[in-house]
Amino acid sequence: MTVRELSSVLYDECGKCLDRFYDMRERDAVPDFYEEVKPYADYWHEKINEWQRESLLYIQQERPKYVHKPQIDNAAEGMAQFFVQSFYKETSKKRFIQTIQAAQYTLQTFMLAIDEKSEET
């Protein structure tokens, strides 16, 4: 999977986290940590780490204008947190939504930078 494809997959999953958060609140559900949360978190944390590594490598090689290392690091950290927090209705709604929006903005900006570079070649 290319870094562009991985970015797109993570962007979509951010939206699913928001949907899950609202669903868990609406149903007043409590997830089973070992059956639901941990397998999901383990899978996605691996994807997030891969995306972070590949993105930083891309930035180092291609030097896109509007995407830098701190943005990638912050987005990866935020995703690692809210991918898990989306299962819990106790999560602070405002902060949760802001963190998702920030990660999606970074992912979108990064995908646009990749698309621009690929159009140049």
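This is a predicted model: local features need pLDDT of at least 70, side-chain atom pairs count only at pLDDT 80 or more; totals for chains, interfaces and linings use all residues.
Residues are numbered from 1 along each chain as its sequence is written. Local features need pLDDT of at least 70, side-chain atom pairs count only at pLDDT 80 or more, and totals for chains, interfaces and linings use all residues, while side-chain values use heavy atoms, without hydrogens and water.

Several H3 residues are buried, among them Ile 72, Met 79, Phe 82 and Phe 83 (buried means under 20% relative accessible area, exposed over 50%, partly exposed in between, with a 1.4 Å probe and protein chains only). The buried residues of H3 pack against helices H1 (3-27), H2 (33-62) and H4 (93-120) (contact means heavy atoms within 4.5 Å).

The structure holds eight salt bridges (a side-chain nitrogen of Lys or Arg within 4 Å of a carboxyl oxygen of Asp or Glu). Arg 27 and Asp 23 form one of them, at 3.0 Å, N to O. These two residues are four apart in H1, so about one helical turn separates them. Arg 27 is exposed, at 51%. Asp 23 is partly exposed, at 33%.

In H2, Asp 42 and Lys 38 are also four residues apart. Their side chains meet at 2.9 Å, N to O. Glu 90 pairs with Lys 89 at 3.7 Å. Glu 90 is exposed, at 59%, whereas Lys 89 is partly exposed, at 22%. Shared partners join Glu 13, Lys 16 and Arg 20 into one salt-bridge network.
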